Amino acid sequence: MERREFVRLLIAAAVSRSAMAQQASHVPELGEAHAPAPVPWTLGVGQLEKIQVPETDPPSVAQFHPTFFTAVQMATLRRLSALLLPPLQGRPGALDAGTPEFLDTFIGESGADIQRLYQQGLDWLESSARKSFSTSFAELTDDQAGQLIRPWLRTWMADHLPTEPHAHFINAIHADIRLSTINSPAWDRALCQKGNPPVEKLYWLPIEPDIFQLRVKQ
Amino acid sequence: MAAGVADVLIIGSGHSGGMVARTLTAKGISCLMLNAGPVVDLKKDTEHRTASELAFRGFRPPGRAEHVFQSDGFNANVWVDDKEVPYTYSPDHPYNWVRVRLFGGRSLFWSRQSFRLSDYELQAKSHDGFGEDWPVKLADLDRYYSAAERILRVQGRKENLPQFPNGDFVVEDSPFSGSLQRFQAAAAQRGLPFSKQRRAYGIDGLASSVNLFLPDAIATGKLEIVPNAVVRELTVDKSTGHVNGAYFIERLTGRELSVRARVVILAAGALESTRLLLNSGIANSSGLVGRYLMDQIYGAGIICSVPEARGGKGSGGLMGGTAIMPRFRNLTTRSQKFLRGYALNISSQTGAIDARNFADFGESLQKKIDFYHGSGFSATIMGEVLGRYENHVTVDKDTVDAWGIPVLRIDTHYTDNEFNMAADAVDAAQELAEAAGFEVLASNNIPNPPGYSIHEMGTCRMGNDPKTSVLNKWNQSHDIKNLFVVDASSFVSSGWQNPTLTIVALAMRSAEYLADQMRAGNV
């Protein structure tokens, strides 16, 4: 380092130390919680308008890492999603909509009953495929996979899924795959391209959230 | 008002609390209203979003409002958080307790169906020998029902059906669509009733305490309101045995406060009002506070398709509209399988039929959805649940809510009466649909679990005998004459009818009685 640069830094440090000493000797006025900064640290924030950020959907630039399903379960889920809801009529299928990835996160955060339903159901599909076709479910043709699924499809009314174990799983996951796909950003983009933008509904934000209780719950 | 003694303390701001406030302040009586939650500001508290913009694509967020069938990603924040205000029950007998503590309560979000109880419900024991009669008849409530219908702007059509009493309606007598006429014809062939729905339209579609009752009360200058006030217990003057106020906790700061009042009115909703009485340890010489919990059975029914409406041919007035088949069982004859009765909600739809009505997937499923579009038709039950002593609530002293207040333990279950009623409703609906030439796509004869209807009733039932009831016919405590409970806690039987209209009528009647009693110096 050149001497000139060294002196410059020394003077800057001295100035800084002097400023800190001045701050330390400042007695806060009544009502002033903290010693004032050289420049008020919230200056200008109150006038900030929304920054126009060209947001990118994470899946288009990042790789997804499942955190709940095993690799085999994930492969089964992807095959099942492709079978139950392929691309149709210019709209994305479940795979295009990132539905298996979404369900990995969503089910992973859901209650134990739902987690068990999915894990046991996907494992059952895998073992059924091995038993019937000597290959993994992920490798089945549509016809083969359909043979395993169709016997368990039922008609049912809202909130009353079939109760037989395999029928319960198949119909529940079918409904979840459909809703996840239809409510996906990819689906919305397809609707917009068709000149039929998605419907907006009233969303309720947290209403005067109870921060005190949030602290207690932690 | 300084921290003195209020004339009347009202706990709760929903339909019942709002109506008593409106009635009392109109008569010059000052009221102080406490509500557990905040006042909603739509500009601040809501946005318009698509489902894809929500964290969980419209699904109910995991761990939130899991007992609320009606919750989803859009509305999860309006319901009471079960972790903040828990309740307990046996795993064998689950209960779905759906609560809203926002100012106005569930009156912000109800289905608007508005029917009077008939004497088949009000005098049910005289009719079939089960349970108890209410201490009032339809004639006693007629004036209050009419006033409530006018304020709520109930639309409907008059009929000549004793089980479906007429009211002060805005007449709605437009013709039924073709599919509804076919179902109606099938019903008429079997001597079954079929009528227009009766709905409260309020103002601009909102029929809530906050837009129909409370503005009038506020305008008198005699109503003070404290939101975010979580009431812990009522206080009692030990020398007189009368209630004289309440302790409450500020929801957001945790500060403990108290108010004093000459009269206390509980309007916190059945179960919350009962919880307060149990936690306060008062008004229970009968031992019946918490007993005879009822609600209504929903969820059983059928989904059909009208064949002539498929393939895009459903225009020309064939589809669309709703109707109701009011109770037709156990009126002049007696079923061997169940007591009381149910109504069927009928709906003819012009939109898509849900995929779950076709046991199919992939492209084949999509072809069916497209072909069946616009041909949907449904019939679903609203059925009475019998009031049984063993269906009850108590306080669970081992579990407290976020403010340290002991929670409710709910112990209730349906019996053969409810299950047989649901099965009968599905059989009846299926027979009518087939007679009308419809294809039944799906059916369900199992009711939704208790609580789903969000119509909890009872647990402080009214009656003439203090040994067998908690309240008298004016919703006044038998034990404590300056204590009133004006929500659906007072119900003696559930009926099939949505309870809101009756709640509003009873609250108005009770408030008028209270005002007279206060004027006479009796309370």
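Here's a quick tour of how chains A and B meet, one residue inside chain A, and a set of paired strands in chain B. Keep in mind that this is a predicted model. The contact between the chains takes in 43 residues of chain A and 47 residues of chain B. A strand of chain A also pairs with a strand of chain B there, β1(A) with β3(B).

**Where the chains meet**

- On chain A, the side touching chain B draws at least two residues from each of α3 (71-84), α4 (99-108), α7 (165-182), α8 (185-193), β1 (201-204) and α9 (211-217).
- If you want the biggest contributor, look at α7(A): with five residues, α7(A) gives the largest share of that side of chain A.

**A strand pair across the two chains**

- β1(A) lines up antiparallel with β3 of chain B (residues 46-49), and four bridges connect them.
- To find this pairing on screen, pick Leu202(A): its bridge partner in β3(B) is His48(B).

**Leu148(A), inside chain A**

- Leu148(A) sits in helix α6 of chain A, which covers residues 142-149.
- Is Leu148(A) buried or exposed? Leu148(A) counts as buried because 21 other C-beta atoms lie within 10 Å, and the cut-off for buried is 20 or more.
- Leaving aside residues up to four places away in sequence, Leu148(A) touches Leu125(A), Ser128(A), Ala129(A) and Ser132(A).
- Ala186(A) is 38 residues from Leu148(A) in sequence, and their C-alpha atoms are 29 Å apart in space.

**β10(B) and its partner strands**

- β10 of chain B (residues 256-266) runs parallel to β1 of chain B (residues 5-11), with six bridges between them.
- Look for Ile265(B), which stands opposite Phe484(B) of β19(B).
- One general point for when you look at these strands: along a regular strand, side chains alternate between the two faces of the sheet.

Definitions and conventions
Residues are numbered from 1 along each chain as its sequence is written. Chains are lettered from A and ligands numbered from 1 in the order in which they are written. This is a predicted model: local features need pLDDT of at least 70, side-chain atom pairs count only at pLDDT 80 or more; totals for chains, interfaces and linings use all residues. Two residues are in contact if their C-beta atoms, placed from the backbone, lie within 7 Å. Two strands pair if DSSP finds at least two bridges between them. A residue is buried if 20 or more other C-beta atoms lie within 10 Å of its own, exposed if 12 or fewer, and partly exposed in between; C-beta atoms are placed from the backbone.
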